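Me: Please give me a close look at a single part of this model. Keep it brisk, and state the cut-offs as you go.

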Amino acid sequence: MSKLHSALRRDQVFDFLAPDIPPDLDLTRGMILYLEGITVSFDGFKAIDDLNLYIENGELRCIIGPNGAGKTTMMDIITGKTRPDSGSAWFGQNINLLKMDEPEIAEAGIGRKFQKPTVFESHSLTENLELAMAGDKRIWKVLTSELHSEQQDRIHEVLKIIGLAEQYKEFAGSLSHGQKQWLEIGMLLMQNPKLLLVDEPAAGMTHQEMDRTAELLTSLAGDHSVVVVEHDMDFVRSIAGKVTVLHQGSVLAEGTMDEVQNDKRVIEVYLGE
Amino acid sequence: MLMLSILTLAAVLIPIGNIVVPESSGFHVSTYTMTLLGKYLCYALLAVAVDLVWGYLGILSLGHGAFFALGGYSMGMYLMRQIGDRGVYGHPLLPDFMVFLNWEKLPWFWHGFDSFWFAMLMVVLVPGLLALIFGWFAFRSRVTGVYLSIMTQAMTYALLLAFFRNEMGFGGNNGLTDFKDILGFPLQADTTRVGLFIASAVALGFGYLSCLYITRSRLGRLCRAIRDQEDRTRFIGYRVENAKLWIFTFSAMLAGIAGALYVPQVGIINPGEFAPLVSIEIIIWVAVGGRATLYGAVAGALMVNYSKSFLTAAMPDAWLFALGALFVLVTLLLPRGVVGLFTRKQ
């Protein structure tokens, strides 16, 4: 009877109707990402094996490791694409990433750039950024919303940051490989993320493009936390404060580039090959 | 806009040509021609609905004929109930086929269809609900590409088999026919035909405009983004499954409206409309006209169906070969369809 009574109360909604809003990001401890004891296996192969990784707020972290070390799988776990078999993943103090799906995680403030540049090729640069813009992404809102001037300014600002302000009208498909990478980083910025996961930003870039990318990522750190997965050692050296070496799905070493390069185990598995 | 002007012009001139212009004049439009054109307009609306999900959202639906047929059946049920006691058996309540099957009562799902507005509601609700349920399962589990196409095909085939059965209560393989009048107007009268033609043109205009509104909104840009890079849209925070679900459902409703206007003009609806081949033909109309342009879908539907009417009369055996050849040639030579010939590549 009391159950029925509480179900009929008019001053509150049923639990399943209440919107499931994740709590605001809590960064009181200065840490933005906690991965603890994460294990994932695909058909018996352990892609990630008891991985522990902590990212500080505002940090620029590089993650290196040989092919198959689990770098991309790790990103898949953080962004909700893959569910780990065990372990925990927290965004700030209070957001449990393992209970959320991709759009929710994106909404909470994690942006991801793919290994292969993925932009909307049949849209103009402006439209690419417009779609990525933070805001209400429910279908009805998307149908009726228009760009207002503040948002246009923001798009213009991001176009300037990524150095593509002049091409704003062009189709993303007509950009060069490196420019697409920048556009994708620009799309991340439009999302207003707190944490950016950037998978191989320098792949297929010329040296000049690489330098600009390094500059761009370094300038983003501070306001955002940036995690970069990269193969190119020169590139990593040019940007990194702290480097984490992954090997066979777990952390092998962590420290500055010099420390890591002089680590015997690292030389053995990776740098010395 | 050109498309809408032509449509408006047709909706005004053709009825005038039928009613006002005397039969002796060269500008007289026969009722047969007008009804044929009205039928094409329904097809065009169906093509627009398919273009919305295929051209813009990348969902190759090989089952849109099912939504068209369900809309048609809803209208057919209303028209059957309108017959009243004028059927062959003269039963005041039961349609002929039920009397023939020795049924004593009207099945529960036939109730309410004596009301025009209830039937019109069902015209959009039944296809919409089917699309909603189908889409909810399919899109949530992220079925895409050819697998989704096969599922849509299976859906329409399952409905085909079900509607063939007499026990279903929709007239079995004969379907619903022998319609007498709609809203009290006799279906054979020229003026009723004019009304249906104009209604078809208005429905096409409405469908075209609403699709245009969707495709030009941010949601339209999102749809094309989903078509091109589904993962990317998910990682920037869009619920891809919801976008697909609502667009798919809306498209199914448009297809239902097209079916409802088609049935009184051709005078019959039978399970043949559920045949997978019918749904594949719709895809051909859109491909021939040009995907992701909307007006291309309209042009494709009109062109292919006109050639069909012409060829099936002139050389009945050649039609299917012509259709197949058309599809192959368009795919190979005109990937952007016939309208692609007239628009510059972006």
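Reply: Strand β4 (residues 86-91) of chain A is joined to β5(A) by two bridges, and the two run antiparallel. Pairing here requires at least two DSSP bridges between two strands. Strands (E, at least two residues) and helices (H or I, at least four) are DSSP runs, numbered from the N terminus.

The model is predicted: local features need pLDDT of at least 70, side-chain atom pairs count only at pLDDT 80 or more, and totals for chains, interfaces and linings use all residues. Residues are numbered from 1 along each chain as its sequence is written, while chains are lettered from A and ligands numbered from 1 in the order in which they are written.

The pair belongs to an open sheet of four strands. Its order is β2-β1-β4-β5 in chain A, with antiparallel pairing. The edges are β2 (45-56) and β5 (95-96) of chain A. Each of these pairs on one side only.

Helix α2 (residues 71-78) of chain A lies across β1 (31-42), β2 and β4 of chain A. The helix runs at about 65 degrees to β2(A). Axes are lines fitted to C-alpha atoms, for helices over the stretch in contact, and angles run from 0 to 180 degrees between N-to-C directions. Contact means that C-beta atoms, placed from the backbone, lie within 7 Å.

Chain A also meets chain B. The contact takes 23 residues from chain A and 22 residues from chain B. In chain A, α3 (102-108), α4 (125-132) and α5 (139-144) each supply at least two residues of the side that touches chain B.

How values were computed. Two residues are in contact if their C-beta atoms, placed from the backbone, lie within 7 Å.
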